[in-house]
Amino acid sequence: MSAQQQKPAKRPAEQVLQGIGVSPGIAIGPAHVVEPGIIEVPKYAIAADAIAAERARFADAVARALKQVAKLHDKADTLPGSAAEELGYLLDAHSQMLSGSRLVRGVDRRIADQAINAEAAVSEEIAEISQAFLAMDDDYFAARLDDVRDVGARLLRGLMAVPYQAFSDLPEGSVIIAEELSPADTALMDPRLVGGFATVIGGIQGHAAIMARSLGLPAVVGVPDLVGKLHSGDSVVVDGGTGKVTLNPKPATLERYEARRAELRRRQRQLARLRDLPSVTRDGVNIMLQANLELPGEIDGALGAGAQGVGLLRTEFMYMNREDPPSEDEQYATLRVFIEAMDGRPVTVRTLDAGSDKLAFSIAGHIQPSLNPALGLRAIRLSLKVRPLLEAQLAAMLRVSAHGPIRILLPMIGTTAEVRQVREVMDKVVRRLRRRRVPIADPLPPLGAMIEVPGAALSADSLARVCDFFSIGTNDLTMYTLAIDRGDEQVAALFDPLHPAVLRLIQFTTEAALRARIPIAVCGEVAGDPRYAVLLLGLGIRDLSMSAVSLPLVKQRIRSLDIGEATRRAQSIMDQSDAGVIAAMLDDFNALA
Ligand code: PEP
Ligand code: MG
């Protein structure tokens, strides 16, 4: 072949998609596009008196799948030109299939008639429909077959809370591209292999986003029509700061991003030098800076960033990606790794905060379908309902208290009665451990409450009488105060912890704790944002817990602040009634620093 005839392979065109940046940094690498994948479906019999509940579980999975498809539809509507229309048709077909079609009716009937679990009923129904369509030997039905299988896979994923895949065996630096990632999926990402991720669905304060920040993985969510645009192995850049995802970047674009990534890494190294400097304001007030951890793999990062302790250990990871909840012994062994690694620094361990978007397959059987899972059986409510779960957790925590200073933190507390009930369970567990002569700390570890429900914040003075400490969870507090789903990218722009209502609840809670002389910390995401430091310190907070990656920046900010000045700023901010004005006041002050 002559040189003239040899055409160079055509490079796919560069394309920039815009989403919401939720975890800063730049990932450059080969895409790993998450395909729904093959799901192993268990089959088991359902007792006659549990069939109604199984049908309800299926109905709930259908409702959730419909919601997902509607969200994808909204995203598709924002696409340019015919792409919106094409994807719209496809998603319309999916939502029709989820609205009382043969598939849905057939599955429901199988559960009722054959007394089998919903997953098995879905997969058997799909197999039967597929056979019928194939027998028709018709292009139209062949195309519908893909839709039926897609919808079936969506239902199965919802029913089984299945992670898409283990994200092992990936080329180093892979960028995960997926429709949606659950916290359980994110927990499976090894930062040595995964460079970052981008998804179609997801909000800024969702737990997958929080996990990405903790792992230091650049991430962008809410990117319309992302999945169909590229294949595994294609080159992609995810900019978690600006929310831009560049597919098939041109050499010049790559060069620009590589330079930016090098610059960010240089800045990180500079900040790392702050590690051993004290976290103290200019006028000499010590501020405790601790790390929020959700996986054992994050301990080194927290110590490397100079964390003075663990202010929030989310224990949900122990329950994820497995069939049964962990035993007391297993939890003890896992917690001991944290306590020993922290080497005498305090560790605040939170009891299971499952439910809502943090679903774990191992406890899914305890939570019945709910129309409003964020308001449903979750967190401490679940622990108090399923006592063996709580007893095993408390026993593991008490046992580990013999190896280092720990505090026990209760999520989603709403009433003083809940705290009292936990104390009763704890007393019982303590008596049992003492009878068995198992060493536990004396005095017992402090028992505290997350203040993340507006009702709890408003009764902080009563709660302070039954709690040994408070930790303010601004993520849920903002969500519940403003009625904005923290994980929903459609309302992400409305999620504003600077809303005066949220700030007043933080102020009221802090004052109640200070009056009662119990320690108070903030462990929601605002603690890790240096812009808010002046306000939190000015309101009286002296203990902040955040993703390890945020520690150096926040410490730098704290070392430039003066408590007297911060107090005056906070007072003038608390006189305001408009979140926009408050943000502008903070920006002005921070720009002066
Ligand atoms: C919060 O709600 O602010 C919090 C720290 O808890 P989580 O993010 O785990 O719900
Ligand atoms: Mg919370």
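Predicted model: local features only at pLDDT ≥ 70, side-chain atom pairs only at ≥ 80, totals over all residues.
1. Surroundings. The shell around ligand 1 holds 16 residues, and those that come nearest are Arg 314, Arg 350, Gly 473, Asn 475 and Arg 486. By type, the shell residues are seven charged, five polar and four nonpolar.

2. Where the shell comes from. At least two shell residues each are supplied by helix H7 (207-215), strand E10 (310-314) and helix H17 (474-482). Helix H17 gives the most, namely three residues.

3. Polar contacts. Ligand 1 has an oxygen atom 2.8 Å from a backbone N or O atom of Asn 475. For Thr 474, a polar backbone atom is 3.1 Å from an oxygen atom of ligand 1. With Asp 476 the side chain takes part: one of its polar atoms lies 3.0 Å from an oxygen atom of the ligand. As for cover, ligand 1 on its own has 280 Å² of accessible area, and the protein covers 100% of it.

4. The cavity. Three cavities of 30 Å³ or more turn up in a search of the whole structure. Ligand 1 takes the space of the second largest cavity, which contains about 70 Å³.

5. The lining. This second largest cavity has 14 lining residues; nearest its centre lie Arg 314, Arg 350, Met 450, Glu 452 and Asn 475. Strand E10 and helix H17 each contribute at least two residues to the lining. The lining divides into seven charged, four polar and three nonpolar residues.

6. Reading the two lists together. Arg 314, Arg 350 and Asn 475 are among the residues that come nearest to ligand 1, and they are also among those nearest the centre of the second largest cavity.

Methods:
Residues numbered from 1 in each chain as written. Chains lettered and ligands numbered in written order. Heavy atoms only, no water. Near = heavy atom within 4 Å. Polar contact = N/O pair within 3.5 Å; in protein donor to acceptor, adjacent residues only side chain to side chain. Areas by Shrake-Rupley, 256 points an atom, 1.4 Å probe, with all protein chains shown as cover. 1 Å grid on protein atoms, 1.4 Å probe; cavity = no way out; pocket = protein on both sides within 12 Å on 5 of 7 lines; lining within 4 Å. Sits in = over half its atoms within 2 Å of the grid points. Helix = DSSP H or I, 4+ residues; strand = E, 2+ residues; numbered from the N terminus. Nonpolar A, V, L, I, M, F, W, Y, C, P; charged D, E, K, R; others polar. Points joined across faces, edges and corners; volume = space filled by probe spheres on them.
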